[in-house]
Every structure is written in C-alpha cells, then in structure tokens.
Amino acid sequence: MLEPLAAWACQFTPRVALEPDALLLEVEGSLRYFGGEEALCTALECGLAELGVQASLATAATARAALWRARGGGLPFNQLPVDVIGAEDAFFKQIGIRTIGQLLQLPREGLAQRCGQGLIDELDCALGKLPDPREFFALPERFAARLDLPAEVVHAEALLFGARRLLVQLEGLLAARQAGVRAFSLTLTHVDGSTSEVKVHLASAARDAERLSQLLREKLATLQLRQPVKAMALAAGDFTALDERSGALFGDRAAEAEDWARLLERLQARLGRDAAHGITLYPDHRPEYAWRRVEPGEWDAHDFVQPGPRPAWLLERPITVEESRLELVAGPERIACGWWDGDETRRDYFVAELGASLAWVYREDGHWYLHGFFA
C-alpha cells in the first residue's frame, strides 16, 4: 500500500506525434492552500485547458508512482498495466502478467535474474522503499514561446486569440518567479517568410495576462498586416521582482497610482509612447530646462527646490513685451547659468501685473520678455 498523497504527476500529450512529456511536482505542502487534492486538480485542469494542453493527472505518495499512474490514465497503482514501467511487455504477457499488482507477487530473486536489478529498483522507488532523487527544474530567466497558427490570419485583431495563449504561459512563468515585466514583444511570421515585430511597453511591472492582453489589443488595433500571418512568437526578458500587494482598509494610494499608470500605458499603446508621458522637475535654474519627460516612477528630483516662484503656465518661447505695460510686483531674481553646455543665460526675473494677468517676465540685454503666467 502507498502512503498518503505526497507527489503529483502530469502527462502531457502534444498536438503533434511526439513523445509525451511529463511534469512531476511535490504538492503535499500546497494542499491546504488550494483546498485539498480535488480542488488542486480542478485548478490544474482549468489552467491546462486555458493553455490548450491535453494532460492526464494523477497523484501518489512517490514521484515514480505518480508518473506511472499518469501514464496509466489514473488507475489505482496495483491495477496499472505493466507497460507504464517501460519494461518488456511481451515477456510479461507470455507468463500472464498484466498489471503491476500481479508483477509485485512474483518472486523478487527470479524477477531480478530474468529482468535485471534495475526493474526491482524501479518498483522499490515507486513503493518508497528506495530514494528516488530528481533534478529540480530551473526556471528560465527569459521567456520565449512560439505558436504556429492553424490557418493564415489576415486581420491583426484576430491574432489576439492566439497571442493570449502565449501570454498565459508568460504569466505562469512570472508567477513562479514572483516577477513582472515592463515590456514584451510579439514577432509575427508572414507567409512569405518575412517577420514584423510588435513591441508593448508597460507603465509599471505586471504579469497579469488580462492586463498584457488589453495592451496588446490596443497595439493590434492600429496594425496593418502587409502579408497574412502563419505563426507568432512572444518574448520577454528583464524580469522585475513583483510581490503580491495587499489593499489598504481606508484608501489605497498605491492602488490609485497603479490605476493612473495603467491609464497611461493604454494611452501610449493606442496613441504612441511620445503622445503621453510623465513630467518631473529637473535640477536646472533655467526654466526651459527645469523639467524632463519621464516614464512613471522613472526619476524623482525630490532634493531640488526652485529658489523662487515659478508659474504653472510657461510659454514655449518667450515673447517681447514693452516695459510700459508692466507693473512690477516682486523681484528681481537673477538667473545666470548654462555656460557649461553652450546656452549661457543671464536674466533678471520679476513677477509683474500685465493687464488683468499676473505674469512672469525677465530683463535681458536691456529688453523685456514675457515667459509665463501665474494667473
């Protein structure tokens, strides 16, 4: 008799005529989290179905026993056919041995002499009498997967269905690594052998397949295919550590910031990366150089404080203004810098009333210029 559940096996059946693959997992420590063996198997079946993978699931006390049960369609261990072991099936049929249970009733010494000690050791490993060490699977540091389409696709939007299957695979790898990505690319292979690439950038690290799919949908909506597509490949690297975040009881500033980041990334996906971006202060006293275009969370000039008042509306280019129209309210503030980059500035700035507006003006080389408005 085998002991209680300790291992789980999954036998994958590829869509083409290849040797089936197998995956072995130790799941005893995860049963409580998933709500028991049945709930775990249900979750695995749903996930595999979403990936479009056919698999046979089985559990047992040892890795080898679970693998044999998966090969045998989940039958009880003693009722499994002997061919799941990979032994000489013809010989056992000749002597009337059909199942592992019948095989275990044979004398061990005679069985070892006829089939070798290796078969005895395999049976003992399955029964837990001998250790069965396994080489642990190492998660890759990059993701790359290819999907051959069942038919040629001529509309870009129709590619999303196949791409989502690849995104679900990416989500699984990232979840296992507790990581996220800030970008990924989808390479399309056309019927003439040429390729085209669709790059998607995120405002913050993520791994949720639905979020990645939404951004890809925005990109594909503006894509015109020059040739029908027969295959696609998804690639992602530069994984970023990403832990699960707990919500706050009274407001959640982190969640609100994430909502803004998602809005920005969707706008960038639809309109282009240059159409929507963040703005942050930059440590330069010249007003036209005192800001930078940035991605959310890219840089924060928290140590730099402007020495004087700055208007919310800065003109793209200063315009000349007559001194007689100005009524100075505050100033001057001398700004003299920029000699190191070839754009030297020597200006005296003032806050002035200009008609009904409060303006920011400066004097340079005896002339007055309007540079912005406070109100």
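Strand β9 (residues 278–281) presents Gly278 and Thr280 on a covered face and Ile279 and Leu281 on an uncovered one; strands here are DSSP runs of E of at least two residues, and helices are runs of H or I of at least four, both numbered from the N terminus. In a regular strand the side chains alternate between the two faces of the sheet. β9 pairs with strand β10 (residues 291–294) in the antiparallel sense over 4 bridges, where pairing requires at least two DSSP bridges between the strands. Within β10, Trp291 stands opposite Leu281.

## Basis of the model

The model is predicted: local features need pLDDT of at least 70, side-chain atom pairs count only at pLDDT 80 or more, and totals for chains, interfaces and linings use all residues. Residues are numbered from 1 along each chain as its sequence is written, and side-chain values use heavy atoms, with hydrogens and water left out.

## Nonpolar cores

The largest nonpolar core holds 36 residues, of which Leu159, Phe184, Leu216 and Met232 touch the most other members. Such a core is a set of buried Ala, Val, Leu, Ile, Met, Phe, Trp, Tyr and Cys residues joined through side-chain atoms within 4.5 Å; buried means under 20% relative accessible area, exposed over 50%, and partly exposed in between (1.4 Å probe, protein chains only). Two or more residues come from each of β4 (143–153), α8 (159–177), β5 (179–190), β6 (195–206), α9 (209–221) and β7 (229–236). The most, 9 residues, are given by α8.

Apart from this core lies another, of 20 residues, among them Val82, Val84, Ile120 and Leu123.

## A buried glutamate

Glu333 is found in strand β12 (residues 326–337) and counts as buried because its relative accessibility is 16%. Its side chain makes a polar contact with the side chain of Arg310 at 2.8 Å. A polar contact is a pair of N or O atoms within 3.5 Å; within protein, one must be able to donate a hydrogen and the other to accept it, and residues adjacent in sequence count only if both atoms are side-chain atoms.

## Aromatic pairs

There are 7 aromatic pairs, taking rings of Phe, Tyr and Trp (its six-membered ring) with centres within 6.5 Å; planes under 30 degrees apart count as stacked, over 60 as edge-to-face and the rest as tilted. Tyr33 and Phe34 are edge-to-face, at 5.1 Å centre to centre and 90° between the planes. Tyr33 is exposed at 71% relative accessible area, whereas Phe34 is partly exposed at 36%.
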